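Open the model in your viewer and keep the selection tool ready. Each stop below gives a selection, then what is there.

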Amino acid sequence: MKPATHTRHAHLHSLAHAVAVGLLIHLGAPAFAAPSALPREPLPADSLVLHPWRGGVDPRPAITGIQKGDGDLELLLRWSGLGGPYRIEQRSSLDADSWTAVGSPTTDHSLSVPADSGTGFFRIQAPRPDYLGDTVCLACHRSAHQGWAESPHRQALETLKRIGQASNPTCLPCHTVGYGLPGGFVSDAATPRLGGVQCESCHGPGGRHVADPGDLLARPVVSLASMTCGGCHNDFHHPLYDDWLTSGHRAVTPSLAADFQHTNPATAEARMRSCGACHSGAVRLAMLKGLKDEDTPPSMPAQTHAAHTAITCSVCHTAHEKTAFGSQLRNPPHSMDFFSYSTSTNTTFAAQYREDINLCGQCHNQRGARWQDTSRPPHHSPQYNFLVGDVGFSLGTPRHSSHRDIARQCTHCHTAGFEFGGPSEEEFHLTGHSFKPLSVNCAPCHTPEEAEAFVGFTQRLVRNQIAEVKALLDTWGETRAPEPLRTQYGKLTWEYNVAGQISQRPDLPSPRGPTPAEQSVVPDAIKQARFFLYMVEHDGSYGVHNGMYARHLLDEARKLVTASMAE
């Protein structure tokens with residue numbers, strides 16, 4: 001066993017009458033504060049200060065929790081780590097002369113210890129990481145290796161050489177394998193096999209796996225977590241991970257996360273198959289993997305995995321391939337074809353998936369909405385359809401703004417990055433991975449001042465048109481709608497059965513329109529008008545994506561309602 005040689009810290013907020021409980025680990029020593037009377041439940045995970053590790057996957061074990069076990073006679077230690085076997089040791093204080101082994105070495109990630117162990121210090125140790133290099137992985141993983149070999153990751157050390165930084169210890173952790181750890185990269189002369197970002201950077205050391213491929217506990221880690229990428233794709237040089245943490249992609253929608261963990265597994269899986277393709281990174285990647293066998297429905301991930309894997313880096317970028325779209329993107333940044341992914345259980349992901357559709361449009365589309373629908377308004381996601389000017393149904397001849405012709409479409413405005421000559425903690429590069437459009441992104445077509453004026457004018461115009469069409473529909477509902485709907489629903493007569501946000505008010509949080517049976521009495525013209533109205537509203541840009549098209553749909557909606565008023 002190797003002794004601890006470096007220090008790192010993670011703090012758990014203590015409760016009243018806390019005493020120090022040191023959790024010393026191989027190659028590290030995070031401090032851990034816990035109460036003298038330990039709680040029965042694990043200490044909250046959000047109290048632990050965690051950061052991505054520079055280098056990809058940190059192979060070092062770390063104790064992550066301590067709690068009471070069954071009864072009052074046991075404590076349960078939990079830890080994370082790659083490799084093993086792990087050895088837990090204890091001593092009563094840091095001044096004690098020696099450590100005492102607790103139990104036998106184990107490949108598990110938890111251990112019960114007697115409660116009378118007191119409030120001393122524990123440490124965990126494991127054998128040093130055994131890094132092998134990509135050529136060893138090639139023997140079995142030829143396809144993945146071939147794709148990686150064409151990617152920029154392979155040349156990561158070469159990029160340092162070109163700028164004279166191949167010996168810079170600040171840069172090497174993210175441009176080599178295991179730099180700074182025993183068995184990791186030392187120099188290009190001493191360990192050339194570990195240069196560049198390789199398999200073991202993201203999957204962890206492979207020595208134990210190669211020694212015994214049948215040992216499931218020794219298999220390298222496969223993680224969809226953005227933290228794996230965030231260890232290197234971060235800091236003021238290129239804070240991709242920090243930007244992503246501020247975006248809506250960073251977490252699964254709470255209500256859906258709860259659905260994915262439903263106590264009835266069948267209900268949870270049904271929810272995954274309908275909504276998971278765009279709300280859970282784990283589900284989407286499982287569905288993409290399932291495309292290889294279209295005759296067999298793809299296996300869904302574990303419920304917890306589905307609920308806690310957001311739209312991470314690997315959902316949009318493929319780790320092992322250099323694609324034709326640049327930046328290892330799975331799909332192109334530009335397309336013009338109509339696309340609408342239906343969440344109905346009557347159709348499969350494989351039957352609908354199109355690799356040639358805009359990357360953002362894969363999820364930011366109208367999700368199968370049609371004007372004939374009566375249960376609820378379209379999903380809040382038709383941005384792609386608005387940008388290209390096609391919601392699957394239109395009247396008249398629409399006009400379009402030029403935004404749809406931009407070569408990179410969505411990514412031009414939503415992921416535009418800006419670099420500064422000398423980045424620092426105060427003036428850092430922008431990567432665009434917060435996905436928030438900035439007025440400076442509108443270059444070269446508009447200056448920031450022009451862009452802000454254009455956005456303000458367009459959104460005021462479209463909001464006014466939305467209010468106009470809404471007022472006409474309300475008037476139709478109160479004065480021209482068929483009886484008895486008019487008497488019963490009034491202004492809600494034109495609405496879907498579950499009325500949308502346009503009709504919601506603080507005093508009426510869950511308004512209802514006509515029932516599914518009563519919807520058959522609502523004229524088609526009114527159904528078409530409300531469809532256009534909600535498509536514009538739920539696009540969310542209020543005309544910025546495609547102002548001419550938004551105004552066209554609202555004009556058509558106004559004509560439809562006006563004609564119905566005259567009947």
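**A tour of rings, charges and cysteines**

Select tyrosine 534 to begin: its relative accessibility is 0%, so tyrosine 534 counts as buried. Keep in mind throughout that this is a predicted model.

Now look at the two rings together. Their centres lie 5.9 Å apart and their planes meet at 70°, so tyrosine 496 and tyrosine 534 form an edge-to-face pair. Where does each partner of the pair sit in the chain? Tyrosine 496 is in the loop between helix H17 (485–489) and helix H18 (524–539), while tyrosine 534 is in helix H18. The two are 38 residues apart, and the pair links distant parts of the chain.

Stay on tyrosine 496 and show arginine 530. The charged end of arginine 530 sits over the ring of tyrosine 496, 4.1 Å from the ring's centre.

Next, select arginine 463 and tyrosine 542. Here arginine 463 lies over the face of tyrosine 542, at 3.8 Å from the ring centre.

Now show the aromatic side chains. How many aromatic pairs does the structure hold? There are 10 aromatic pairs. One of them joins tryptophan 79 and tyrosine 86: the ring centres are 6.0 Å apart and the planes stand at 70°, so this pair is edge-to-face. Both partners are buried, tryptophan 79 with a relative accessible area of 4% and tyrosine 86 at 1% relative accessibility.

Then pick Trp371, Phe393, Phe531 and Phe532 at once. Ring pairs link these four residues into a cluster.

Move to histidine 209. You will find histidine 209 in helix H5 (residues 207–211). Is histidine 209 buried or exposed? Histidine 209 has a relative accessible area of 18% and is buried, because the cut-off for buried is under 20%. Show its surroundings too. Neighbours within four places in sequence aside, histidine 209 is in contact with His141, Ala218, Arg219 and Pro220.

Finish with the cysteines. Select cysteine 174: at 12% relative accessibility, cysteine 174 counts as buried. Select cysteine 232 next. Cysteine 232 has 17% relative accessibility and also counts as buried. How many disulfides does the structure hold? The count is 0 disulfides.

Methods:
Residues are numbered from 1 along each chain as its sequence is written. This is a predicted model: local features need pLDDT of at least 70, side-chain atom pairs count only at pLDDT 80 or more; totals for chains, interfaces and linings use all residues. Side-chain values use heavy atoms; hydrogens and water are left out. A disulfide is a pair of cysteine sulfur atoms within 2.5 Å. Buried means under 20% relative accessible area, exposed over 50%, partly exposed in between (1.4 Å probe, protein chains only). Helices (H or I, at least four residues) and strands (E, at least two) are DSSP runs, numbered from the N terminus. Contact means heavy atoms within 4.5 Å. Rings of Phe, Tyr and Trp (its six-membered ring) pair if their centres lie within 6.5 Å; planes under 30 degrees apart count as stacked, over 60 as edge-to-face and the rest as tilted. A charge sits over a ring if NZ of Lys or CZ of Arg is within 6 Å of the ring centre and within 35 degrees of the ring normal.
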